[in-house]
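Subject: Structure handover

Hello,

Here is the structure for your files. Please open it beside this message, and my notes follow below.

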Amino acid sequence: MEQVDVVVVGAGAAGLFCAALAGQGGRRVVLLDNGKKIGRKILMSGGGRCNFTNLYAEPAAYLSQNPHFCKSALARYTQWDFIDMVNRHGIAWHEKTLGQLFCDDSAQQIVAMLESECAKGLVDIRLRSEITGVEKTENGFDIKVNGSTVSAHSLVVASGGLSMPGLGASPWGYRLAEQFGLKVLPTRAGLVPFTLHKPLLDHIQTLSGVSVPAVLTAEDGTVFRESILFTHRGMSGPAVLQLSSYWQPGEFVSVNLLPDVDLAGFLDSQRQQHPNQSLKNTLAMQLPKRLVECLQTLGQLPDVTLKQLHASQQAELVEQLQNWQVQPNGTEGYRTAEVTLGGVDTKALSSKTMAAAKVPGLYFIGEVVDVTGWLGGYNFQWAWSSAWACAQDLVSV
Ligand code: FAD
């Protein structure tokens, strides 16, 4: 039977980085993946340019039942450490917005960087690997893969979440956690577009492709200020994706379509200067014309001139445009979600090493763990930081 030091399952962001570091630290590492290629999500990420970290990555940007769990790993392997590695590999990058760092050229460069780090560590990468069973042994684990067995002292689960099943996502990591008695917290799609009910959807569909800056507030008080994008299924765009991670079915979302405008003051001054101007044309000075027309068909905008607009109508209008209550009927789900919320309960893991406290040699890193970041490079930073923390332990034992 083949004997190695470490088997890592999942050649995504976390698994590749962890395998590379463990290999470079002298461990004999086998990296298994069910797909035909390594780093498939990295290649898809950031519109093909990989938003590989965020300048402002800090624990407050992560959701978890235990918000303290991510602190240690994020503090010990920071965004600056990852940027150093990217620079060492000569990969040019830029900040797009809000601290989000992207490759100038292509996400392929990040995959190539991780592949070359794995090569330095003599990591044995085995694609198209189907794992049919894992058993605990006296010295570690027996992993049955493609009809043979690999024995390893340590097993690192880096199999990711459930989003984008077309890219190899599977619940394998959660099932393995349960097999070894670890709790798995309920999972749901995060960073995902909202779908809307009819008849609102019929109106919103006419806006497909329109994007506006907005402030969105969830019922728990979480606020995001970024753009929203109307789609043929509902609403997307960065502000919606961010808020979706804080939204529960049945809840309303407050949408402020004019966050930077004193709308009542603007209408009053326009009324003084152009009393016969239509309300519709006045609002089209602040919002896309198609959106104004849609609000009119939704009955949110009276068909009047400014001088005909009563004070009570104006107050109602301000409320509707700056505190529009939208009730999504759901999300687009794992098919388009960027991440999976929930996962392996951090209570059973060491925040320093990512090791399962009660199962010596078993580790969980990356998205399979109940740690989920905001949109903007935070999820990859968690993958790098948790992988690094785990690798430190693998090479020290
Ligand atoms: P993954 O990268 O998902 O890797 C898991 C690997 O395990 C996969 O290769 C999978 O094939 C393999 N696997 C699963 N089950 C098995 C099994 N049973 N046997 C063997 N192998 C298995 N985050 C950012 O920070 N910035 C971005 O720009 C960004 N863009 C994104 C764009 C898209 C379209 C998506 C879907 C996600 C994006 N994310 C982004 C989120 C980010 O990709 C993930 O958080 C990150 O990839 C998680 O890393 P991971 O290594 O834990 O899991």
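Two aromatic rings count as a pair here if their centres lie within 6.5 Å. By that rule, ring pairs join Phe17, Phe52, Tyr77, Phe82, Phe380, Trp384 and Trp388 into a cluster. Please keep in mind that this is a predicted model.

**Aromatic pairs**

The structure has 14 aromatic pairs. Take phenylalanine 17 and phenylalanine 82. Their ring centres are 6.3 Å apart and their planes stand at 90 degrees, so this pair is edge-to-face.

What is the relative accessibility of tryptophan 374? The value is 25%, so tryptophan 374 counts as partly exposed.

**The ligand**

The ligand is surrounded by 30 residues. The closest are Asp33, Asn34, Ser170, Glu367 and Phe380. Phe380 also belongs to the aromatic cluster.

- Arginine 40: a side-chain N or O atom is 2.9 Å from a ligand oxygen.
- Asparagine 379: a backbone N or O atom is 3.3 Å from a ligand oxygen.
- Phenylalanine 380: a polar backbone atom is 2.8 Å from a ligand oxygen.

Taken alone, the ligand exposes 990 Å², and the protein buries 94% of that. Helix H1 (13–24), helix H2 (40–44) and helix H13 (378–396) are the elements that each give two or more residues to the shell. By residue type, the shell has 12 nonpolar, 13 polar and five charged members.

**Threonine 53**

Threonine 53 is in strand E3 (residues 51–54). Is threonine 53 buried or exposed? Its relative accessible area is 0%, so threonine 53 is buried. Beyond neighbours within four places in sequence, threonine 53 contacts Gln79, Ile83, Gly99, Gln100, Leu101, Gly376, Gly377 and Gln381.

**Alanine 348**

Where is alanine 348 found? Look in the loop between strand E19 (339–344) and strand E20 (362–364). Alanine 348 is partly exposed, at 23% relative accessible area. Buried would need a value under 20%. Setting aside residues up to four places away in sequence, alanine 348 touches Leu182, Ala355, Ala356 and Ala357. The C-alpha atoms of alanine 348 and lysine 358 are 7.5 Å apart, and these residues are 10 apart along the chain.

**Helix H11**

Helix H11 covers residues 289–297. Which of its residues are buried? They are Leu291, Val292, Cys294, Leu295 and Gln296. Residues three or four places apart on an α-helix point the same way, because each turn takes 3.6 residues. The buried residues of H11 pack against helix H7 (200–205), strand E13 (211–217), strand E14 (223–230), helix H10 (279–283) and helix H12 (311–322). Glycine 299 follows H11, with a positive phi near 80 degrees.

Best wishes

Note on methods
Residues numbered from 1 in each chain as written. Predicted model: local features only at pLDDT ≥ 70, side-chain atom pairs only at ≥ 80, totals over all residues. Heavy atoms only, no water. Near = heavy atom within 4 Å. Polar contact = N/O pair within 3.5 Å; in protein donor to acceptor, adjacent residues only side chain to side chain. Areas by Shrake-Rupley, 256 points an atom, 1.4 Å probe, with all protein chains shown as cover. Helix = DSSP H or I, 4+ residues; strand = E, 2+ residues; numbered from the N terminus. Nonpolar A, V, L, I, M, F, W, Y, C, P; charged D, E, K, R; others polar. Buried < 20%, exposed > 50% of the residue type's maximum accessible area, 1.4 Å probe, protein only. Contact = heavy atoms within 4.5 Å. Phe/Tyr/Trp six-rings, centres within 6.5 Å; stacked < 30°, edge-to-face > 60°.
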